[in-house]
Amino acid sequence: MYRLFYIFFLLFVINLFPIIAQGNGNKQVTYLKEPNRTGFTSYDFGSSAPTRFENISRISFPEIKDLRLKFPSYAPSYYSGPDGGEVYLWKKDFYKWTRTDGSVFTEFENGTWTLLNADGSVFTSFAPCNGCLPGSRIDYKDGTTLLRNWVVHRKEYDWIFQKTKVTPALNWKLVDTSKVQPIVSNVSKYTFYHSASWDLYILGLKESFPTDSFFSYMKSEFDIENAGQIPVILFEKGKEMSDYQGKELPNGTTDAGGGFGGQDSITVCCGNSQTRIKADPVIDDYEKRKVYYGTFFHEAVHNLEQMTCLSYRVGKENLKPYNPEPWFNEGIANYAIAPFFSKKQHETYEQMDSLIKQKKIPSGYAALLKQGYNGLLPYSLGAYMVEYLHKKYGKNKFIQINKDICLGASAAETIERTVGLTGDGLLTEAVADFNEKKSSLLSDLNKKSVQGYTVMSPSNASEFNNFLNSGIRLPGSPHEIQNYEEIPSVIQIFRARVEPYLKKVWGVFDGPGESTFFLWESGIYKWTGPNWEATYYPGNQAVFKKDGWSVIEWENGMRRLEAPDKSYVIFWKKDQKGYFDKDGKEVK
């Protein structure tokens, strides 16, 4: 009975409190700034968040100086606002003003304030941090959001479009084109902001980016995706990018390249090291095929990963921060792009082999975590650990591991929970797996490294193809050679169609079959195969080498075949020859 009386008494007091608090109910409060002002401003945020920076200017943004009210005292009370709307004060700097246009302004004592419009949109201004201007957001009735975040190191705002009440979530930066390079190019979902330095890079990417297979593979194998726009800001110099990001690259900022893949955008450097378009179709095609897209693909995976983590985390409370270990974070980005930029995979294998040979593999999982980015271990060892997990345990278990990491779990705990493997066990097994497979993983790396490059054409395709199929017959000894024709014409076989490239470019080419090709600026060039090489010198001289044997041919037709022991036969003319021992003495 006493408890029932107590409950009724509380209800009576709660209902009576507004009546008591209305002692100042007829008193009108004024604006803190311009107290004589009686009118008020209505704000139109639009019906949906803008998806481009240019459309932000259409929004009328409220400012606290135009809304903040002045009170005669700070006791809880009702007041009348400057417009006649109802105001209720709870305590100092904490009150609500229901305005006559249907909007509601609320100021909180921590410095945050909100303006709820009659159409259901809500503007929120957040309390500024030390040295910051306040950030804000507008939440629209259609579920979209416009974020305005103060960037301390740049002393400017970033604008973000967001829609998290859909799956997958949408989130991208609205780029102010006046603050980036002037050219805008679109490749699939990616919008690039760049200078003319990047024109060849963009041209090659437009022609080669595998839109359908790239996104479907990432979704199928890793369950990572981004259904929205993806801005890519390209910088001329490393320092410009680091200044923009407010941080250095893991290996230090240089103009050699690098990038950052974020939730709202991607940045890549460096335009000053990119090859320019030369208006020569043959040369431009050659250079375009050599462009290194590994950084872009790597950062693109980071963006897909972070957007997926955003989708996983929406609506969940009390989650630990998303803070993936470097080996997993960089490892998945390097491993996932292998089908689309195989050169990155070959780099990983070579670096992994080097780490093992130099005894730089950490002693255990704790040591791996302690090293962080030192030695760039996450990009090689981390990538192979991810590859091992994905291939051995399958995509479904890997996707679960990745999801748990997105939700705040450590990699070690979710891997052990999901597949029963400790961090130490994973490290040990991955290294052992690499050692077991490295002969095949490292095979034909020269050929694999030029995949997609321009294929150099031999001048005599039939002769070259016959050589690829049958090779050059080598005798047991130079003394077995009796006739001039028994030494093949290596000039005929290995002369190449280099004329379009001479004095214009130099570097590596792909070649027919298992061959690769390198052209020097001097005009010297070399064909290379799995166990042979052939070098051509200007002036029509060629040298073929295999298993210690060499065949040399000069422009005047002279031919020489030399054995591994340095003994040789030489034809000065078709009918004039000589045999020499390893010391260069003629043998009769």
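The model is a predicted one. The largest nonpolar core has 60 residues, and the structure holds three disulfides.

- Four bridges join β3 to strand β4 (residues 86–91) in the antiparallel sense, and S77 stands opposite L89 of β4.

- Strand β15 (residues 230–235) pairs with strand β17 (residues 266–269) in the parallel sense over four bridges; F235 has C269 in β17 as its bridge partner.

**Nonpolar cores**

- In soluble globular proteins, nonpolar side chains tend to be buried together.
- Within the largest core, of 60 residues, those with the most contacts are Y190, F214 and W327.
- Helix α10 (residues 377–406) gives the most to this core, contributing 10 residues.
- Leaving aside neighbours within four places in sequence, W327 is in contact with residues including Y365, L368, P378, M385, L389, I415 and L426.
- A second, separate core comprises 34 residues, among them I472, W527, Y536 and F544.

**Disulfides**

- With bonded cysteines counted along the chain, the pattern is 1-2, 3-4, 5-6.
- The sulfur atoms of C129 and C132 are 1.6 Å apart in their disulfide. C129 counts as partly exposed because its relative accessibility is 45%, whereas C132, at 13%, counts as buried.
- C269, the bridge partner of F235, forms a disulfide with C270, with the sulfur atoms 1.6 Å apart. The torsion about this S-S bond is about 95°, so the disulfide is right-handed. Both C269 and C270 are buried.
- C309 and C406 form a disulfide with a sulfur separation of 1.8 Å, and the link is left-handed, with -50° about the S-S bond. This pair links distant parts of the chain, joining C309 in helix α6 (residues 294–313) to C406 in helix α10, 97 residues apart. Both C309 and C406 are buried.

- K344 lies in helix α8 (residues 342–357) and counts as buried because its relative accessibility is 11%, under the 20% cut-off. Beyond neighbours within four places in sequence, K344 is in contact with Y292, G294, N334 and I337.
- S515 is located in the loop between β18 (507–510) and β19 (516–519) and counts as buried at 0% relative accessibility. Not counting residues up to four places away in sequence, S515 touches K447, F464, D510, W527, T528 and W532; of these, W527 is included in the second core.
- Between S515 and Q400, the C-alpha to C-alpha separation is 43 Å, and the two are 115 residues apart in sequence.

Conventions: Residues numbered from 1 in each chain as written. Predicted model: local features only at pLDDT ≥ 70, side-chain atom pairs only at ≥ 80, totals over all residues. Heavy atoms only, no water. Pairing = 2+ DSSP bridges. Helix = DSSP H or I, 4+ residues; strand = E, 2+ residues; numbered from the N terminus. Buried < 20%, exposed > 50% of the residue type's maximum accessible area, 1.4 Å probe, protein only. Contact = heavy atoms within 4.5 Å. Core = buried A, V, L, I, M, F, W, Y, C linked by side-chain atoms within 4.5 Å. Disulfide = S-S within 2.5 Å.
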